[in-house]
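Colleague: Pick one part of this model and go through it closely with me, please. Then tell me what sits around it.

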Amino acid sequence: MRFGRILEDLDSFAGLISYTHLQDPNAKGIQKSHMAIVTAAVDRIDLYNTTLSPYLDVKLCGHVTWVGRSSMEITMNVEQVVNGIQEKMLTARFVMVARNPYTKGPGVVNPIQPEGQREIWTFNIRVKPENTVWMRDTQLKTISICHPEERNLWSKIFGGFLMRKAFELAFADASLYCKNRPTLTVVDDIIFLQPVEIGSLLFFSSEIVYTEGSLMQVRVHAEVLDILTGSRNTTNYFYFVFDSNNPNMPQVIPRTYAGVTNTSLSAPWAKSTKSQKQLRVQSMA
């Protein structure tokens, strides 16, 4: 199935959801709003299974997950039955904007009232508090070519080379975040999942997954790209803890449930590292 047609259907579906949201709740019957709806942005599309079958029905479902004064975030899922099970194939978030055709300016959209813990979290997470940074905005990426001079005795890429590249990216990420030269305090949970072959393209992506006070934890994900097949496989996860020595450093907050998971996993580390730092300060006093 052509992905371009899926994009067209998502855009049309987002417009339909937006017009449904703009209906007057006090009006009798179904009345189309006089507002003009335009697509402002595609925030993100996550594909869970790219093998959409053209021979099976495709189900689109979606709803409004956030509204501003004239903008609406529409979250949609594409589902298809696979082996008798209804599976989610992708999730898309579109930002739609209402325009007043008479004034040529922005139109005012209906507010929404979230209900339940999940809806309240989904709605409030779009509002960023002061002195905070979205976790997604802390990402840095780089790519390296694995040359033969970096091989080990078994003609695989030397693990020390991978650790050096991961640390350098994590240090750069932490420096940009705190606008200072941070101090490395902990190297934790370096996981080697599979060897890296000579000649591979190695992708590194770093992200600050937790902050508390002056401390921050940076996670680096390494994946190798097979040039012949185009497939990607995760090879390593690296975790580094840095101290910015700035207790008023902006705190990172997640915007997705995956980010919340990373934050919750890193919270126990923060308490341990913070306690160790306090003990070092007391011993130096």
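Modeller: Let's start with Asp43, which counts as partly exposed at 29% relative accessibility (buried is under 20% relative accessible area, exposed is over 50%, and partly exposed is in between, with a 1.4 Å probe and protein chains only). Before going further: this is a predicted model, where local features need pLDDT of at least 70 and side-chain atom pairs count only at pLDDT 80 or more, while totals for chains, interfaces and linings use all residues. Residues are numbered from 1 along each chain as its sequence is written, and side-chain values use heavy atoms, with hydrogens and water left out.

The side chain of Asp43 meets that of Arg136 in a salt bridge, at 3.5 Å from N to O (the criterion is a side-chain nitrogen of Lys or Arg within 4 Å of a carboxyl oxygen of Asp or Glu). This pair links distant parts of the chain, 93 residues apart: Asp43 is in strand S1 (residues 36–47), and Arg136 is in the loop between strand S5 (132–134) and strand S6 (140–145). Helices (H or I, at least four residues) and strands (E, at least two) are DSSP runs, numbered from the N terminus. Arg136 also counts as partly exposed, at 30% relative accessibility.

Next comes Arg93 with Glu73, whose side chains meet in a salt bridge at 3.9 Å, N to O. Arg93 lies in strand S4 and Glu73 in strand S3, so this pair ties together parts that are 20 residues apart in sequence. Both Arg93 and Glu73 are buried. Salt bridges with shared partners join Asp43, Glu73, Arg93 and Arg136 into one network.

Arg44 and Asp46 form another salt bridge, at 2.9 Å from N to O. Arg44 is partly exposed at 36% relative accessibility, and Asp46 is partly exposed at 21%. A search of the whole structure finds eight salt bridges.

Val78 lies in S3 (residues 71–82) and is buried, with a relative accessible area of 1%. Leaving aside residues up to four places away in sequence, Val78 touches Ile6, Leu10, Leu52, Val58, Lys59, Leu60, Glu87, Lys88, Met89 and Leu90 (contact means heavy atoms within 4.5 Å). Tyr48 is 30 residues from Val78 in sequence and 10.0 Å from it in space, C-alpha to C-alpha.

Asn83 sits in the loop between S3 and S4 (85–99). Asn83 is exposed, at 77% relative accessible area, and its phi is near 55°, a positive value in a residue other than glycine. Asn245 also has a positive phi, near 60°; it lies in the loop between strand S10 (232–243) and strand S11 (251–253) and is exposed at 53%.

Helix H1 (residues 3–21) is the next neighbour to look at. Its buried residues pack against S1, strand S2 (58–67), S3 and S4. Ile6, Leu10 and Phe13 are among the buried residues of H1. The helix has 19 residues and reaches 27 Å from its first C-alpha to its last, close to the 27 Å expected (1.5 Å times one less than the number of residues).

On to the cores. In the largest nonpolar core, which has 25 residues, Leu162, Phe204, Met216, Val220 and Phe238 touch the most other members (a core is a set of buried Ala, Val, Leu, Ile, Met, Phe, Trp, Tyr and Cys residues joined through side-chain atoms within 4.5 Å). Helix H3 (159–178), strand S8 (201–212), strand S9 (215–225) and S10 each supply at least two residues of this core, and the largest share, eight residues, comes from H3. Apart from this core lies another, of 22 residues, among them Ile17, Leu52, Val67 and Leu90. In soluble globular proteins, nonpolar side chains tend to be buried together.

For the overall picture, the protein has four helices and eleven strands, and buried residues make up 38% of its 285 residues. Among contacts between residues at least 6 apart in sequence, 71% join residues at least 24 apart. The protein exposes about 16800 Å², with carbon and sulfur atoms supplying 55% of it (Shrake-Rupley areas with a 1.4 Å probe; for residues, only the protein chains shown count as cover).
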